[in-house]
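Colleague: I am new to this structure. Could you walk me through it?

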Amino acid sequence: MPEYDDDWDVPEDRDDPENEENTPDGEKKKKLTWKTVLLALVVFAIVGSLVQVVARGGFGGALNTTGSGGGSAPKKEQHSRQEQEIRPPKQPKTIKLGNQRVPQASGPIIVINPGLVTPGGSAAVEGGGFDKKATVDILIKARKSDTKGRAIGSVRSDRFGSIYARFTMPDTAGNRPATLVAQQRGSSKTAEAKVITGGAVGTAKINKLVGRPGDVVTVSARGFRPGEPIDVFWGRTTGIPVTTLRTDGSGGVAHAAIKVGVAPTGSSTLVLVGKRSKTTATAPFQMLAMYPSMKSKPYALKAGQRITLSANKFAPGERVLVYINSTGGLPAFTAQANGMGQIRDVAFNVPFGLKGRQTLMAIGDQSRAVVRSGFTVLPYSPSAEPSAFGGRAGTTLSFYVAGFAPGETVTAYAGSGSKAQRKIGTFQVDSRGKAAAVGSYKITPADESGVSFQLIGQKSGGVARASINMSQGRGD
């Protein structure tokens, strides 16, 4: 009897040629051995490893030893593309208006209309002061101090440097104020505006589904305690209520007339909250956008003169914030809208230091409704005439002036050029900007060939020029 291997159950001398069987064709056929099986397993292991290496990036890349697999890097790259560096706005020079400082010149400026928008809601950004036909990126940042913002679009300015574009407030913005940034590509021109967000609440019943702040609607409600006071809110459940109703003996309110309050434009909600029971009833409402208008009178004037503003279509009784050349910081002044949403004949004196085109911006403190207007500050162009157009050494001259700012101090200089000029005196003009026989000057021998004068207003910056013994024989 031959001996057998315990593992494979084949004769130990299976490799011996004598144990090979002959095929019908006379060829020898080799039986399956343990060496053949082992070799096949090794080959399969090597091929499997090669397949995994190729699947992970080929032979040229490093292996991923983190266990996280591929795909995380592209997500980070995509996230970084959504964020963009924000250049801080250039701080303009300011001048004083009453107790508040305002920018001296109008630079890039934007406003949000409406400035009160819900997360996921739509609003428009408009502004000016950018280069013509420039690309302006629109970004949003959660905090004013953030140096990076989320890019939500871009717009191209028109030939006047103005922009207008609609955008959607990100759903992730929450109910906290955010800052919208308009940043011109390849330039330091950047403007910012605050966006106030608010959330919507449930549903209930109301007689009108559409309206604006100040409209009157009729409300009916049930399910409160009998005789319970009910606070009325629009688009929120906290803060100061618009009004307070009281339920009847059945705990209901029937056909109560109330004014539409301030809430974000679009889908909003009337909210009734019982003071004792804390029961809440809601009614859906479509809040229409407010489009206020504003005008200034006169349209063009000089510094120191009085300008009057009028506006309408703000929320009834709300405070209106008026800015000059900027919407950041404190407003130049405020005005109170009446029950019709109007502000009437708000006047102020144009401060000295403002020159050229100025931007006025009025923003409803509650509604965030915005209107943009402006006015032009004209330069002072005073005139001066000497008491004589010529004379020999020792002759004393004085001047007759007009066109300066009312009551301002005027400084007179003789000679031309910054080095050749010499101060010869100061005087004050009257309430009409005029003065007669002021600024005494004695002609010197060096002046007989001609001398010129400059008279400069200290507040207005207006310059009057005069000369004597010139080739024309008279003053300028």
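Colleague: From which domains does the lining of the largest pocket draw at least three residues each?

Modeller: Domain 1 (95-197) and domain 3 (293-377) each give at least three residues to that lining. The domain bounds come from an automatic or database domain assignment. Before we go on, this is a predicted model: local features need pLDDT of at least 70, side-chain atom pairs count only at pLDDT 80 or more, and totals for chains, interfaces and linings use all residues. Residues are numbered from 1 along each chain as its sequence is written, and side-chain values use heavy atoms, with hydrogens and water left out.

Colleague: How do I read a pocket, and what space lies in the largest pocket?

Modeller: Rolling a probe the size of a water molecule over the atoms shows where empty space is left. The search uses a 1 Å grid over the protein atoms alone. A pocket is an open set of points with protein on both sides within 12 Å along at least five of seven lines. A cavity is a set of points where a 1.4 Å probe fits but cannot get out. Lining residues have an atom within 4 Å of a point. Points are joined across faces, edges and corners, and a volume is the space filled by probe spheres set on them. Here the largest pocket holds about 1,200 Å³ of space.

Colleague: Which residues lie nearest the centre of the largest pocket?

Modeller: Glu 192, Ser 326, Thr 327, Gly 328 and Gly 329, out of 46 lining residues. By class, the lining has 22 nonpolar, 15 polar and nine charged residues. Ala, Val, Leu, Ile, Met, Phe, Trp, Tyr, Cys and Pro count as nonpolar; Asp, Glu, Lys and Arg as charged; the others, Gly among them, as polar.

Colleague: Which strand gives the most to the lining of the largest pocket?

Modeller: Strand 13, with five residues. Strands are DSSP runs (E, at least two residues), numbered from the N terminus.

Colleague: How many cavities of 30 Å³ or more does the search find?

Modeller: One. About 80 Å³ of space lies in the largest cavity. Its lining includes Asn 113, Pro 213 and Met 287. That lining divides into nine nonpolar, three polar and no charged residues. Domain 1 (95-197) and domain 2 (203-287) each supply at least three of the lining residues.

Colleague: Which residue is the bridge partner of Ala 384 in strand 30?

Modeller: Val 401. Strand 29 and strand 30 (residues 396-402) pair antiparallel over four bridges.

Colleague: How many salt bridges does the structure hold?

Modeller: Ten. Each is a side-chain nitrogen of Lys or Arg within 4 Å of a carboxyl oxygen of Asp or Glu. In one of them, Lys 189 meets Asp 131 at 2.7 Å, N to O. Lys 189 lies in the loop between strands 12 and 13, and Asp 131 in the loop between strands 8 and 9, so the pair ties together parts 58 residues apart in sequence.

Definitions and conventions
Two strands pair if DSSP finds at least two bridges between them.
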